[in-house]
Structure formats: structure tokens, C-alpha cells
Amino acid sequence: IVKRMLLSKKRKNYLKNLYGSRFFNSGSIDKWKMHQILSKNEDVLPYLPKTFIYKNPEDILNYLKRYRTIYVKPIFGLKGKGIVKMMTGPNLYCIKYRFKQKNKTIKLSTEKELLNYVEKNFRKNRYIIQEGIDSELVKGRIIDFRIFLVKNQTGQWEDVGIIARK
């Protein structure tokens, strides 16, 4: 049995007890661990965005100054929930996110305002900061490609699908 959705701890334990070793792919890897694993592959490394653990508000300010566009993502998030895009320009900090299925934008004009926003909204060691990368655009919409990997019965990773998300 291959797990392809989130399960409650009770349901996951039930299936493990019922099927034993035939129930696999029951764990998940957080975004930081996944980045560390992928970073070890020299073929993949050139395509990975620079990624850091958020420790304090100054981290976000420093990386925003360095990359001009960053993404702040919950380490344990799924399906794009909690992702914030931050951009900087002359005397402007722009914060974009989704809330209740609507796009939201906050514009701040000073570093102090940005640092206050970050301090109120992000907890240390719970988020990663990634450099913004240019994404493929089709008719003005971003296309995000994802590869699904599962461990087969011998414990080896196999790609079982590739999807594009618009």
C-alpha cells in the first residue's frame, strides 16, 4: 500500500498494524531535510534555489537585500499553504501571500516596518527562506513542476509521476 495523502496518526498506525511492511512511504520529509538531501547530488545542486533556515527577522532582511525576491515557507507546510513571497525595490518592501483563497499584498516602506511584520508572523526554526527564481510563465501564470517519488518494495526511490501545477 502506498500512502498518497495525509493520514491521522490513528489511521496511519491502524494501517501499519494491519499491513505491516507492505505499508510503505508512510513518512514524509520536511522542506529543509529535502533540501539537504538534494544538495548532496551534484547533478541537482545547480538547479536548487539557495535555501536557509529562518532564525531571526534580520535573516529575512539580509536575504531580501541579497536576492531582491525571496520566498518564506513553513518547513512542514503542504500544498502551498503559508508561503509568502517578498520583494524589494527602492524604498519599498512588497509581501504577497494567499489568505482564504485570495491573493493579498502588503506594501511597507521602511526596514523597521518589515522587521516588525516578520517578527509578528514568523517563528524561528519553523520556516525556510529561499531565493526567488524565475518561473516559467504561460499566459502570465506560473507553472510549477513536481516529481512524485515513492520507495518501492526494495526500499529504492522511484519516480511515479510528474505534474505541472498552474
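This is a predicted model: local features need pLDDT of at least 70, side-chain atom pairs count only at pLDDT 80 or more; totals for chains, interfaces and linings use all residues.

Reader: Why is isoleucine 29 called partly exposed?

Author: Its relative accessibility is 37%. Buried would need under 20%, and exposed would need over 50%. The value for isoleucine 29 is 37%, so it counts as partly exposed.

Reader: What makes Ile29 part of a nonpolar patch?

Author: A patch takes residues with over 30% relative accessible area, and isoleucine 29 has 37%. Ile29 forms the patch together with Met34, Ile37, Leu38, Phe145, Ile147, Leu149, Trp157 and Ile162. Their accessible area together is about 870 Å².

Reader: Which elements each supply at least two residues of that patch?

Author: Helix H2 (31-39), strand E8 (141-151) and strand E9 (157-165).

Reader: On to the sheet. What makes E1 and strand E6 a pair?

Author: Two strands pair if there are at least two bridges between them. E1 and E6 (residues 127-131) have three bridges, in the antiparallel sense, so they pass. Threonine 51, for instance, stands opposite glutamine 130 in E6.

Reader: How do you know that E2 pairs with E3 and with E6?

Author: Same test: at least two bridges. Four bridges join E2 to E3, and five join E2 to E6, so both pairings count. Both run antiparallel. In E3, valine 84 is the bridge partner of valine 72, while in E6, glutamine 130 is the partner of tyrosine 71.

Reader: Why are strand E1 (51-53) and strand E5 (102-108) called edges?

Author: The open sheet has six strands in the order E1-E6-E2-E3-E4-E5. E1 and E5 each have a single partner strand, so one side of each is left without a neighbour in the sheet. On average, neighbouring strands are turned by 20° against each other, direction ignored.

Reader: What makes E2 "mostly covered"?

Author: Five of its six residues are buried, and buried means under 20% relative accessible area.

Reader: Which helix lies across E2, and which other strands does that helix lie across?

Author: Helix H3 (residues 57-67) lies across E2 (69-74), and also across E1, strand E3 (84-89), strand E4 (92-99) and E6. H3 runs at about 145° to E2. Helix H4 (residues 111-121) packs on the sheet too, touching E3, E4, E5 and E6. The direction of H4 makes about 25° with that of E4.

How values were computed
Residues are numbered from 1 along each chain as its sequence is written. Side-chain values use heavy atoms; hydrogens and water are left out. Axes are lines fitted to C-alpha atoms, for helices over the stretch in contact, and angles run from 0 to 180 degrees between N-to-C directions. Contact means heavy atoms within 4.5 Å. Buried means under 20% relative accessible area, exposed over 50%, partly exposed in between (1.4 Å probe, protein chains only). Patches are made of residues with over 30% relative accessible area and no salt bridge: like charges are joined within 9 Å, nonpolar side chains (Val, Leu, Ile, Met, Phe, Trp, Tyr) within 5 Å. Accessible areas come from the Shrake-Rupley method with a 1.4 Å probe; for residues, only the protein chains shown count as cover. A salt bridge is a side-chain nitrogen of Lys or Arg within 4 Å of a carboxyl oxygen of Asp or Glu.
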